[in-house]
Amino acid sequence: MSLLLELFGRLHPMLLHLPIGMLCALGIYEFRAWRKGDPPAPRFWVLLAAGCAAFTAGSGWQLHQEPGYVENFALEWHERLGIATGIGAILCAMLYSNVTRYRKMLLLSVATMLGAGHFGGTMTHGEDFIFEPLQKLAANDATQEPASRVSYERDIAPVLKAKCSKCHSASKQKGGLRLDTPEWIRKGGEDDGPAVNVGHPDGHPILERILLDLEDEDHMPPEGKRQLTQQESDLITEWLQLGAPFGPPLAAADAAAIQRLRDSLVHVQTISAESNELYIDFAATATDINNQIVTELLMPIKDNIVELSLARAIQIDDGIMPLIAQMPRLEILSLVNTSITAASEAALKEIATVHLFGTAIQPEQPSDALATEILDEGEIKLANTECPVTGEMIDPKYTIVYQGEEIQFCCPNCPKTFWEDPEKYLGAK
Amino acid sequence: MDDHDLLLTRRHFFGLGAAGIGGLALDSLLGPDLLGLKDSVPTTGTHFRPTAKRVIYMHMEGAPSQLDLFDYKPGLQKYFNQELPESVRQGQRLTGMTSGQERFPVAPSVFKFNKYANNQDGVWLSELLPHTASLAKDMCLIRSMHTDAINHEPALTFFHTGTQQVGRASFGSWMSYGLGNANANLPAFVVMISQGAGNMQALAARMWGSGFLPSEHQGCKLRAGDDPVLYLNNPKGVSRDDRRKLLDLTNDLNEKEYQRNFDPEVRSRISQYEMAYRMQMSVPELTDISDEDDETLEMYGKDVHTQGSFASNCLRARRLAERGVRFIQLFHRGWDQHNNLPNEIKGQTSAVDRAQAALVKDLKRRGLLDDTIILWAGEFGRSVYSQGTLTKTNYGRDHHPRCFSVWLAGGGIKPGIVYGKTDDHSYNITENPVSVHDLHATMLHCLGFDHKRLGYFHQGREMRLTDVFGDVIKPILK
């Protein structure tokens, strides 16, 4: 019985189109009849519409009994108005004999049905489904002036909150996953591990799930739940391709300052096509630069620098530290063969990777000529490569087994000779 | 039609795209100051954040034997002098040098192997490479490389340009095109060659050519001796000032020529003249090793003092890496041991072992191994059966493309691992095959490129280093 009921529930998405069509048609028919003073539609059609509406409302109610539906505004009102439509349609049939009341009831039912349909659509297609093309138009206008890049705070967090937090936040953690703070997002869920692959353009479990077909059972948000709009999923895609940065978006470095660096033969490179973060290398002019030159050149773009090499710049010393301290994003710094001293050691600890070979801080590092541990040694144990009788090269065709060991000979005659006095020939070997 | 249109060259006509891209690439190489060009756009730029900024590629020309160096097969000893089973060879084509042989007797390696601790359960390496073995925890040994070619020339061309046919751009020139140089005073792609002890094959300059890419991306060969780059020094009686004036004038004329015909090669030429001018200063500084301390020189071994030796080239490679050069290619020749392998290979390994290990360690302590990919490879492997007479202590080995070993280190490659397996005869791959295209795709990935997107339009189609092949080998990435 419960199986049949379940089947009944699953018919809802198909059935629901019948009452919509019929009630609308009836509505139009009665409106026209009312204006012209014609009699109402034949009773048969009113009864049929009432039956379909009631059946649909019932199947919808049954579908909701299944687990996995998240209570939200759209679902709640879809259900209320749907049931109201069912009841309204039955009342229409009951009031048929009184034309005026019947027609008023019909008007009411069509109204509730339109409401129910709207919320139903919102549930499956998302809120902005209809007006999305218009929004795009507006967005295009706005992006004439390129907006700064996607920001987690501004663009991503609100989307995750709206579309995922029902199942992935403090209240509920489907799949062991929370998506409400950067920490939780990085921590990830039970199956996929970290939900984003920070610093990489691809390999983000979140994205894989979003991009799956709606029918796929791993698709997120699950089918039947409020979906991401195209715009939202584009935003998330762009953010993930940037490597899922959680910080505020970084503005491009000052072009004039970069020009000055290039004119001074300093290598300036964005760390990827999508990024405004910079890698700066003074390789070409290392021996000529000093604290002052570097400070003047880099100060205007200090926020953008993530990798910096001052290697071999012997005139660079602790005087460079005030500049270094002002680079919030600096991750990799090479001070190899500079004159930096232990005085700067503490300040340098702030940076993830610092290379200090050939400085006072790390004057020498043994080269460990042969420092690897040998775990095991192979041995060379050829059975016998020369015939024990003649000393010629063996031929594997002439092999005998003596005391459990294979012995090979050069020709068919030697084994005979060998058997005459094995000890003698083995000794010789 | 006006004069200008008539003067457009055929090259311009067929290479419209090239002019634009070549010009952009050039800007970044030269710095806009030299050409008076306004907006300097870097070369293609990386597609995502790279784990490596440069490559040092040590190519062992002639193809070293995986069986005697990397692919430990103790089980072979009991097959000594037995026929290579047909079930293993499966009718595979052989070179003309052994296809006429009556027998294909199995020749186990005469060299002892030791198992060294790495980041897995250890790696077996030959006694011939004691110093290299000390890199066990840094290196990623791939035992399952394979190639399509069976002779040196096509195999080298394949390894260096991604196809067996000549005419494509080499790996280094792709890097120069894609990344430019981190040092405006040196070329982005430098090549050094050392002569080995054994049988040497021809080594064509197109292995570091730029093919269809603008020619400033070709490798620059650094020679041994006092004149590392030919014709770089001013002739007697010409001062640097005179040279500058001459260049300014020539550049003016060339730039006029460019405005007339838009041939990107004209700009390549301007850029190469300018590069040469700056190299007059930067190259002597590069090759003068008097500022190296004794401990460092000692690491590389005494050959480091012999210009043109592999050890000397290794030290130069480190100096180049330090100075921001993108692609440093070392060739060590003489690995083609068709006979007398056990004796000749010793000469080869003793020339490279200490120096290559020193190079990796030297880079590591300077923090350069983090973002430098080291690749050590030959163009194919060698056969398990002996070419010529097999004796207890001597044998030769023929070419073998179906499996061979290469190793990588640094630059985002997973350290201390072994990837891929071969069968008991080191004849076929049994696990995780890696093609040359896969290797290229993986290295490009580390360098920040999606190999499918680093392309250049030529002869009516998009050209790529990996052509239409190649998969990134994710398991060997950090």
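Modeller: Two strands are taken to pair if DSSP finds at least two bridges between them, and strands (E, at least two residues) and helices (H or I, at least four) are DSSP runs numbered from the N terminus. The model is predicted, so that local features need pLDDT of at least 70 and side-chain atom pairs count only at pLDDT 80 or more, while totals for chains, interfaces and linings use all residues. Residues are numbered from 1 along each chain as its sequence is written, chains are lettered from A and ligands numbered from 1 in the order in which they are written, and side-chain values use heavy atoms, without hydrogens and water.

One open sheet has three strands in the order S6(A)-S2(B)-S3(B), paired antiparallel. Strand S6 (374-377) of chain A and strand S3 (123-126) of chain B are the edges; each has a single partner strand, so one side of each is left without a neighbour in the sheet. From one strand to the next, the twist averages 35 degrees (axes are lines fitted to C-alpha atoms, for helices over the stretch in contact, with angles from 0 to 180 degrees between N-to-C directions). Three bridges join S6(A) to strand S2 (residues 113-116) of chain B in the antiparallel sense, and A:Asp376 has B:Lys115 in S2(B) as its bridge partner.

Within chain A, strand S1 (residues 267-270) pairs antiparallel with S2(A) over four bridges, where A:His267 stands opposite A:Asp281. S2(A) also runs parallel to strand S3 (residues 305-309) of chain A, joined by four bridges, and A:Tyr279 has A:Glu307 in S3(A) as its bridge partner.
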